[in-house]
Amino acid sequence: MNANPRYFTPSHEWIAAEGSAWVVGLTSYAVENLGEIVFIEMPSAGSHLAQGDLLCVVESVKAASEIYSPLDCTVVATNDLLAEQPQLVNSAPEGDGWILRVTLDEGQSLDELLKPDQYNTLITK
């Protein structure tokens, strides 16, 4: 999964191409700030999400946080491992702790998303 470039949102989600789909997850920075994740409420496969729509709710020992869709997309799969092992998001947020696989709506552009250097600038301010 790490071979493809990642794009980021200002609200700390990442998205990366994987075959014909895109994988969405939380950044390491977001996970560090959330603390230990104990539950993730995800949408069903087939759900359509507009950019900025609620993607999922992540519950940590600190609080519940809403996670938003980086682009207009349709959910094709959820990371079923997270139902039993939500801590995977803590241990590997940009690896095995991915949250969803989606297909992007036609015409979606990555131009509104942050490239790695832009995201690093955002989180180091």
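**Exercise 1.** Which residues does L26 touch, not counting residues up to four places away in sequence?

*Solution.* First, some ground rules. This is a predicted model, where local features need pLDDT of at least 70, side-chain atom pairs count only at pLDDT 80 or more, and totals for chains, interfaces and linings use all residues. Residues are numbered from 1 along each chain as its sequence is written, and side-chain values use heavy atoms, with hydrogens and water left out.

Next, apply the contact rule (heavy atoms within 4.5 Å). L26 touches H12, E13, W14, V31, L34, V58, I67, V89, P93, E94 and I99.

**Exercise 2.** Find the residues with the most contacts inside the largest nonpolar core.

*Solution.* Start with the term: such a core is a set of buried Ala, Val, Leu, Ile, Met, Phe, Trp, Tyr and Cys residues joined through side-chain atoms within 4.5 Å. Buried means under 20% relative accessible area, exposed over 50%, partly exposed in between (1.4 Å probe, protein chains only). The largest core has 25 residues, and L26 and V58 have the most contacts inside it. A second, separate core of 7 residues includes F8, W14, A16 and W98.

**Exercise 3.** Is H12 buried or exposed?

*Solution.* Look up its relative accessible area: the value is 18%, so H12 is buried. Then check the backbone: phi of H12 is near 75°, a positive value in a residue other than glycine.
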